[in-house]
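Q: I'm new to this one and would like to go through it piece by piece. Could you take my questions as they come?

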Amino acid sequence: MSPLLDALLDLGPQLAEHVLLCAAAVALGIAVALPLAVWASRSPSVARVALGFASLVQTIPALALLALFFPILLAARGVFGEDLPTLGFLPAWLALALYALLPILRNAVTALANLDDELIEAADGLGMTGWQKLRLVEAPLAAPYVMAGIRTASVWTIGAATLATTIGQRSLGDPIFAGLQTQNWVLVLAGCFASAGLALVADALFGLVERGFAKRRPALVIAGAVLALAGIAGAAVSLIDWRGETRETVVIGAKSFSEQYILARAIGSVLEDAGFAVEYREGLGSAVVHNAVASSAIDISVDYTGTLWTNQLERTDNPGREAMYEEIVRWEEENTGALVLGRLGFENAYGLAVTQETAQQYGLATIADLAGVAPQLTIGGDPEWFERPEWIGVRDAYGLRFGEQRTYSPTFMYNALTSGEADVISAYTSDGRIAAENLIVLSDPREALPSYDAIVIVSPRMASDEALVETLQPLLGAVDVDTMRQANYAVDRDEDKWLPQRAGEWLLEQIGL
Amino acid sequence: MGSAPPAFLRFEALGKTYDDVTAVSDVSLGIAQGEFVALVGASGSGKSTLLKCINRLVEPTSGRVLLDGEDVLAGPAAPLRRRIGYVFQGIGLFPHMSVGENIALTPRLEGQSLPDARAAELLELVELDPAMASRMPAELSGGQRQRVGVARALAGDSHLLLMDEPFGALDPITRGQLGERVRRLHEELGLTTLMVTHDMAEALLLATRVLVMDAGQIVADETPEALLSGAGGDVAQALVEVPREQARRLAGIGG
């Protein structure tokens, strides 16, 4: 069986949730847009305001709109209480419904405004009340155009809903984001095929309904509507858990890069072996993950001390590896109630990497060794590296003055190093390509670079679950940086790519689990 | 003018202005039951506006309209309009409803259904095949459509029939036939009919009373016979002169 077909067949639950999310969003869009359109057809100023607002919403990128609902719902907790979900279905539903609003509203308003004046006069002249005119004349005559708007909205929504993955709602975006980050194009294609196929099906069914309205053939309308409803019902039924299990599911989050996918799967496998029901929320925005685990929208995440230090504790000093870790554990406990379970054992930090040959030629083992020879060397970094406090810190601590400084996109940085265009590059210390290219990461004796210890965080909801804490203990301190690099490389490399699940299981084998 | 107090339909100092344009100015007159009144005048003379004040498609800015002694503005508009048959200039059949459904609309608005036999009878009144009830308006000719329009206006059993340039879009032969048919229905059903037209010949042939309008005012209120014998003043006579002149020229060609 082809890998693409395999990947497609694995997408059942994602497809079902995608269908339900889009159906709910378009339904809400219709429920808001149609009454608004009727009101707008009775009042030009309402039409202006409503269409202006919907157009404005449309100019917001879908990704940003989805992300914005996190803080909005967080603020809404003040009114609706702490149980209001801030991630997952609710924000995705609201954002997509807002997005679906414009095409429906615009078509409905335009259709109502352009109805034949003579027919409207005839409706009035025969003695129709406002409601009778709407029901008997305006609605049936506008129906084909309104349906065209609903059709457009559905196709847009199905496309935009793939972005719901980033705020923790399972969708057909899952394989797309996972595939993009791990450069697994089969997964990306599978996600694209599935969502494009779904969009085509929706387009065809609603096209049938639209034609039925336009040609006044109720059979077409009913056929299209029944098929669409059957699809939605099928999706809902497929998601019902027939095993009738009542135990709570542990939700594991992952940011959108390979290491996060692999660790999420490794942690998930360990929990499943111990009898836990596990669900994944992968491809979450980096900023979303911490908020998600702190608010128990997800239960387990892997984060990095340096990231939390800067972004959550908002600190700029560097107290050293141990002190930073201790401080973060204390801060989480006091501020979010989340439990820092412990360190996995490796760091995904910023480092400076050189080839074996360069290291031998100049006798390099530490960054301190670089200082003397730097003027003869070229350093390469990704576009943001030379602006980052990490670079400024390490440059000043060791007095590094390189002969030349060049910028590369992350993908080409390693090529630049191996081809000799650059002698030293900035690197992530757990990057798989370090192992693959046999590079040397220079050590940092003055601790100028902040540490980025990988740590496991458990949500406040699950923090007191002793069985869970117990099950995850063996992972702590067990993953060394070399094993992590190899696992990352198995997923990142161009040939014989592994899925994160397989790399995660391999990782567990390496540490004897 | 206005000498018979118990009029079926009365205009009292009726006026309608749009911003600074006066469409109808100070019209007072009464119309008795059974009259067939033609409202004639050039485009923009205010004849359609005056007609629409009766069923409130236009709301007057001054004065009032009394129907059976009651101000038409007294109650809600919808029930009033259902009591008044209305034939539209643009015919106004609903394209998404069959001929039968179009005809049955007025009873349906009242929450009643129109028996098939009654629909067939109405179609026969306007000289259409009752089998046409199941056809869609788009399948009919212009003349057939306006016949359906007349049938629809009669379906509410109203005694007042308003027609706004009802035959304007029809070819001359259809126009003549349908005009004659409406005139006979007017008599058979005991209707009171007001018809707006810009065609003086049509008015003279069909109506029992002709109102000539100019710049929002009634400038002549005469019987066809009186108009033809020179009454009604300059504006009215100029309009009467048009068909007369045509007839003379036709006779000249023939002779």
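A: Gladly, and please keep in mind that this is a predicted model.

Q: Which residues of α6(B) are the buried ones?

A: They are B:Gln144, B:Gln146, B:Arg147, B:Val148, B:Gly149, B:Val150, B:Ala151, B:Arg152, B:Ala153 and B:Leu154.

Q: And what covers them?

A: The cover over the buried residues of α6(B) includes the helices α3 (99-103), α4 (105-109), α5 (116-125) and α7 (172-188) of chain B, together with the strands β6 (84-87) and β7 (160-164) of chain B.

Q: How far apart are the end C-alpha atoms of α6(B), and what span should the helix have?

A: The end C-alpha atoms of this helix, residues 142-154 of chain B, are 19 Å apart, and at 1.5 Å a residue its 13 residues should span 18 Å, which agrees.

Q: Staying with chain B, what's the strand order in its open sheet of 4 strands?

A: The order is β2-β1-β4-β5 (chain B), and the pairing is antiparallel. The strands at the edges are β2 (21-31) and β5 (70-71) of chain B, each of which pairs on one side only.

Q: How many bridges are there between β1 and β4 of chain B?

A: There are 5 bridges between β1 (residues 9-18) and β4 (residues 62-67) of chain B, in the antiparallel sense. Within this part of the sheet, B:Glu12 has B:Arg64 of β4(B) opposite.

Q: Switching to chain A, how many helices and strands does it have?

A: Chain A has 22 helices and 10 strands. Its C-alpha atoms fill a box of roughly 95 × 55 × 50 Å along the principal axes, and of its 513 residues, 46% are buried.

Q: What about contacts between residues 24 or more positions apart?

A: Such pairs account for 79% of the contacts in chain A, when one counts those with a separation of 6 or more.

Q: Which strands make up the open sheet of 5 in chain A?

A: In order they are β7-β6-β8-β5-β9 (chain A), and the pairing is mixed. Because β7 (404-407) and β9 (440-441) of chain A stand at the edges with a single partner strand each, one side of each is left without a neighbour in the sheet.

Q: How does β6(A) run relative to β7(A), parallel or antiparallel?

A: They run parallel, with 4 bridges joining β6 (residues 378-381) to β7(A). Along this pair, A:Ile379 is opposite A:Gln405, and A:Gly380 is opposite A:Arg406.

Q: Where does A:Thr316 sit, and is it buried or exposed?

A: A:Thr316 is in the loop between α13 (305-311) and α14 (321-335) of chain A. It counts as exposed, because it has 10 C-beta neighbours inside 10 Å and the limit for that class is 12 or fewer.

Q: Now the inside: how many residues are in the largest nonpolar core?

A: That core has 225 residues, and A:Leu96, A:Leu105 and B:Leu39 are those with the most contacts inside it. Helix α5 (residues 89-113) of chain A gives the largest share, 16 residues.

Q: What does A:Leu105 touch?

A: Leaving out residues up to four places away in sequence, A:Leu105 touches A:Ala33, A:Leu36, A:Ala37, A:Ala50, A:Leu51 and A:Ala54.

Q: Last topic: how many residues of chain A are in contact with chain B?

A: 15 residues of chain A are in contact with 15 residues of chain B. On the side of chain A that touches chain B, α6 (117-125) and α7 (130-160) of chain A each supply at least two residues, and the largest share, 6 residues, comes from α6(A). By kind, the residues on that side of chain A are 7 nonpolar, 4 polar and 4 charged.

Methods. Residues numbered from 1 in each chain as written. Chains lettered and ligands numbered in written order. Predicted model: local features only at pLDDT ≥ 70, side-chain atom pairs only at ≥ 80, totals over all residues. Contact = placed C-beta atoms within 7 Å. Nonpolar A, V, L, I, M, F, W, Y, C, P; charged D, E, K, R; others polar. Pairing = 2+ DSSP bridges. Core = buried A, V, L, I, M, F, W, Y, C linked by C-beta atoms within 7 Å. Buried ≥ 20, exposed ≤ 12 C-beta atoms within 10 Å, placed from the backbone. Expected span 1.5 Å × (residues − 1).
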